[in-house]
Amino acid sequence: MNRQRFLPGERFQSLIDQLKSAGYDVVGPQVRDHAIVFDALAKVDQLPIGITDEQAPGRYRLEKSESRRCFDWATGAQAIKPMTFVARETLWQSERLPDGSLTFHETLVKTRPTAIIGVRACDLAALSIHDHHFMRGAHPDPLYSQRRQSLFLIAVHCMRSAATCFCTATGDGPRARSGYDLALSELDEGFILEAHTGRGLDIIVQLGIDEATVEQIERADAGIGQAAKQQQRILPVGPLQEKLVSAVEHPRWQTLNDRCLSCGNCTAVCPTCFCQTHVDEISLDGQQTSHIRQWESCFNPDHSHIHGIVIRSERAHRYRQWLTHKFGTWEEQFGRSGCVGCGRCITWCPVGIDVTEELAVLCKGLVNE
Amino acid sequence: MNNALPKPRVAVHKFSSCDGCQLAFLNLGERLLSLAETVDILHFAEAGPIDEGAMVDIAFVEGSVATSRDAERLKRIRENSRYVITIGACATAGGIQALRNMHDSGEWLAGIYAQPGYLDLLPESSPIARIIKVDLELWGCPVNGEQVLAVTRALLVGHMPHVDQNAVCMECKRQHVVCVMVSQGKPCMGPVTQTGCGAICPKMQRDCYACFGPAIQANVSALSTHFAANGMLAREIAQRLLFINNQAEPFLGSGIQWQSQAAPNPTSSPGIK
């Protein structure tokens, strides 16, 4: 299954067409509103050809790259989270009948088989965490499951890291290792394709393309190795749970309290954050309601509002809760860290708080007086 | 509501304002007509019905208290209403006209009007809650008609509405609006501004200018310090804060601090203290 084939760059459209004729809607990265976002993809020229991203804490800029590659950027504004855990959706509706009784209707989603081109290793690792949470628990989420099962995933191994990337520190990239149907390695002259599933192999076979040369495979490996070497950010040696829990009184939390906007951007762009809130919308005549689930953030004071009190009423407490959970207690809960090293929380924090920098300080412990 | 009971009674009152919040109500169109079927709208000058002294279940109040007669009229509205809900920046925070609170408005009047004595003007423009007890405050310049409707619906079915006071950012993210601050360097007020507008400005690729007032626990100090570190002048930061919701804390306190650090503005009009 793992024989690698070569798709010349000028034939990339045939991959999109092949996916379509196999019955998939195709989604891929493209430039919109000064960022790379995922959207419906019909033609290869919609891809961000010759575009690269420059990322830094609190900063994301697209620029012309030196190549004509389609995937010469590291990460977009979101992973594929919005396609499985959607930002706002109706879970059920209720209605009062003329006789005064109530009826309830479950909301069903209509999904179509969808192929996503351009999923990064970090995004796949995050998806695997979500699968664990939404599908493998005692109460699988039917809406998530249905969307998730409709996906055909085409990974792209990273050949370039942004300054904010640190997937080598979490062990999740830059090479995609599992959870995909097909993987692409992009070279200047085209793409090396490898299948990870039978249906992925079917697509490759139908493309009728030749095997990649050893030299091409070596060049792809070197590219992925280079992406790993480009990464500057590291994490303290784990596991971090004990270190973070013992840093509960660290003065650094106060510094974070002063810097953090508590806006929730870090959690909204995090591909593993899945907090939600539920709201009811009532029709004007009061006879119908819609029960809606939407993205929520543990940075909102409302989030810890229980029985009339807000448990984490201060920003510092909320920041501490988020960071300690993401990098520490998540391990106890899910068997691994909640961070996949995509760096989005660093880039998309409006004031550029860098979790790797904060963890370095917090996990060093308190200096003895 | 049980149809056998009399319809809830509603009034929409106006104080010093541009009428834009009443228009936001009117712009609901057909949905306003549906609302009118479930309630009796007794007073709503912009729409037609006038009965200012009516006893009502819900009184919406637009505008700020700016003249000597306003306060008395407002107290009567409070006595006549079960719930008083302020709609918009003027009613909730004093509005753009409250900029005069920080200046010598008498001097302004003398500089503009030939006969300022004809004007009945209090030295300050006050939010409604400074004069009477308010049950719920809705922000915005103007208010979001949908939010007004949602609040009305909640009251009609008998529970106190929940108004989301968190920052605009979460709404941008829910709507997949790319952050204009991070991707374009625009000085967006979204992280410190209360949600409710539907993220309309970032959706149009422009920065939020805080017309919905401060978010809960808004960290204005962190955001404005970040603006300054990225080249914004103290005067410009002060103008961002001392704008539509200039009387709302922490915009007011922080805005005054930045103003005091600002170099004198050579183009400012005489009369400003």
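Okay, let's start with chain B, where five strands form an open sheet in the order β2-β1-β3-β4-β5, paired in parallel. Keep in mind as we go that this is a predicted model. Which strands of chain B stand at the edges? Those are β2, residues 40–44, and β5, residues 136–138. Each has a single partner strand, so one side of each is left without a neighbour in the sheet. From one strand to the next, the twist averages 20°. If you're new to sheets, their strands pair through backbone hydrogen bonds, either parallel or antiparallel.

Let's zoom in on one pair. Strand β1 of chain B, residues 9–14, runs parallel to β3 of chain B, residues 56–62, and five bridges join them. You can find Val12(B) standing opposite Phe60(B) in β3(B). Now look for helix α3 of chain B, residues 68–80: it lies across β1, β3 and β4 of that chain, and it runs at about 130° to β4(B).

Over to chain A, and helix α1, residues 12–21. Which residues of this helix are buried? They are Phe12(A), Leu15(A), Ile16(A) and Leu19(A). Looking down the axis of α1(A), the buried residues fall within an arc of 95°, so they line one face of the helix. The spacing makes sense, because an α-helix has 3.6 residues a turn, so residues three or four places apart point the same way. On the other side of α1(A), Gln13(A) and Ser21(A) are exposed.

So what covers those buried residues of α1(A)? The cover includes strands β1, β2, β8 and β11 of chain A, along with helix α6 of chain A, residues 198–207. Just after α1(A) comes Gly23(A), with a positive phi of about 100°.

Next, the core. The largest nonpolar core has 161 residues, and Ile116(A), Ile154(A) and Ala155(A) touch the most other members. Helix α3 of chain A, residues 121–135, gives the most to this core, with seven residues. Leaving out residues up to four places away in sequence, Ile116(A) touches Val27(A), Phe38(A), Ile80(A), Leu151(A), Leu153(A) and Ile154(A).

Last stop, the place where the chains meet. Here 31 residues of chain B are in contact with 35 residues of chain A. On the chain B side, the elements giving two or more residues are α2, α6, α7, α8 and α10 of chain B. By class, that side of chain B has 17 nonpolar, ten polar and four charged residues.

Conventions
Residues are numbered from 1 along each chain as its sequence is written. Chains are lettered from A and ligands numbered from 1 in the order in which they are written. This is a predicted model: local features need pLDDT of at least 70, side-chain atom pairs count only at pLDDT 80 or more; totals for chains, interfaces and linings use all residues. A residue is buried if 20 or more other C-beta atoms lie within 10 Å of its own, exposed if 12 or fewer, and partly exposed in between; C-beta atoms are placed from the backbone. Helices (H or I, at least four residues) and strands (E, at least two) are DSSP runs, numbered from the N terminus. The arc is that of the directions from the helix axis to the C-beta atoms. Two residues are in contact if their C-beta atoms, placed from the backbone, lie within 7 Å. Two strands pair if DSSP finds at least two bridges between them. Axes are lines fitted to C-alpha atoms, for helices over the stretch in contact, and angles run from 0 to 180 degrees between N-to-C directions. Ala, Val, Leu, Ile, Met, Phe, Trp, Tyr, Cys and Pro count as nonpolar, Asp, Glu, Lys and Arg as charged, and the others, Gly among them, as polar. A nonpolar core is a set of buried Ala, Val, Leu, Ile, Met, Phe, Trp, Tyr and Cys residues joined through C-beta atoms within 7 Å.
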